[in-house]
Amino acid sequence: MTELIAVITISLLAVISPGPDFAMVTRNSLRLSRRAGVLTALGIGLGVIVHVCYTLVGLGVLIQQSLWLFNAIKVAGAIYLVCLGVKMLRARPAGSASDGAAASLSDAAALRTGFLTNVLNPKTTVFIVSLFMQVVRPQTPLAVQIGYGVFISMAHMAWFSLVALCFSTGALRDRLLAFRHLIDRAFGGLLVGLGVLLAAARGAGR
């Protein structure tokens, strides 16, 4: 019971902490649509499943112990965030030729954005690996560990879907749509900053 409470508490605290996932869901909800925001949230939850799977099969230990492997993941994540940020920084004011294309992001693209943002986020790697290596006991049945992973994924989906619903509320979204290019630039700058900080951070491997 103590292990279960610890997993739930740590997971919920990690989910609500701001980061690239929050930025992408908020941006897609405001800039595009509620549907895009929710699909981004679902993609994030699917990304969590990937982290859980490689941790359960033992690759988490390798990542935890290998500095070069962790740094490779970190650099890949940083490059992805910077590329997304630069694309947003190049956003043009509403009414430009490219604006309609930006607003027509497909369902698959929204899902993929959330998925890649989470999969390439080394903070999620550290969180999942640390949780299963340090909080979950080795003798915990595999079925229970899988259940923990499903809960963590569902918690991400639920929280970020709630974020998407809140930021796509009609009154708020309608007021901000006139500043959609500024929203893109604000979140673009945030993602570039996060990417740079991520790339500059010292490795957590041993």
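Let's begin with Met154, which counts as partly exposed because its relative accessibility is 49%; on this scale buried means under 20% relative accessible area, exposed means over 50%, and partly exposed is in between, with a 1.4 Å probe and protein chains only. This is a predicted model, where local features need pLDDT of at least 70 and side-chain atom pairs count only at pLDDT 80 or more, while totals for chains, interfaces and linings use all residues. Residues are numbered from 1 along each chain as its sequence is written, and side-chain values use heavy atoms, with hydrogens and water left out.

Back to our methionine. Met154 sits in helix α9, residues 142-167. Helices here are DSSP runs of H or I with at least four residues, strands are runs of E with at least two, and both are numbered from the N terminus. Together with Leu142, Ile146 and Val150, Met154 makes a nonpolar surface patch of about 370 Å². Such patches take residues with over 30% relative accessible area and no salt bridge, joining like charges within 9 Å and nonpolar side chains (Val, Leu, Ile, Met, Phe, Trp, Tyr) within 5 Å. A salt bridge is a side-chain nitrogen of Lys or Arg within 4 Å of a carboxyl oxygen of Asp or Glu.

Now, the whole chain. How many helices and strands does the protein chain have? It has 11 helices and zero strands. Of its 206 residues, 44% are buried.

An unreviewed UniProt entry lists residues 39-62, 69-89, 146-170 and 182-201 under "transmembrane region"; its annotations may be inferred rather than shown by experiment, feature names are shortened, and positions follow the numbering used here. In the model, residues 69-89 are 100% helix, with end C-alpha atoms 30 Å apart. For residues 146-170, the span is 92% helix and the end C-alpha atoms lie 38 Å apart.

Let's go inside. The largest nonpolar core has 12 residues, among them Met24, Ala78, Leu84 and Phe187. A core like this is a set of buried Ala, Val, Leu, Ile, Met, Phe, Trp, Tyr and Cys residues joined through side-chain atoms within 4.5 Å. Which helices each supply at least two residues of this core? They are α2 (20-31), α5 (67-89) and α11 (180-200), and α5 gives the most, with five residues. A second, separate core of 10 residues includes Val7, Phe127, Val136 and Tyr148.

Terms used
Accessible areas come from the Shrake-Rupley method with a 1.4 Å probe; for residues, only the protein chains shown count as cover.
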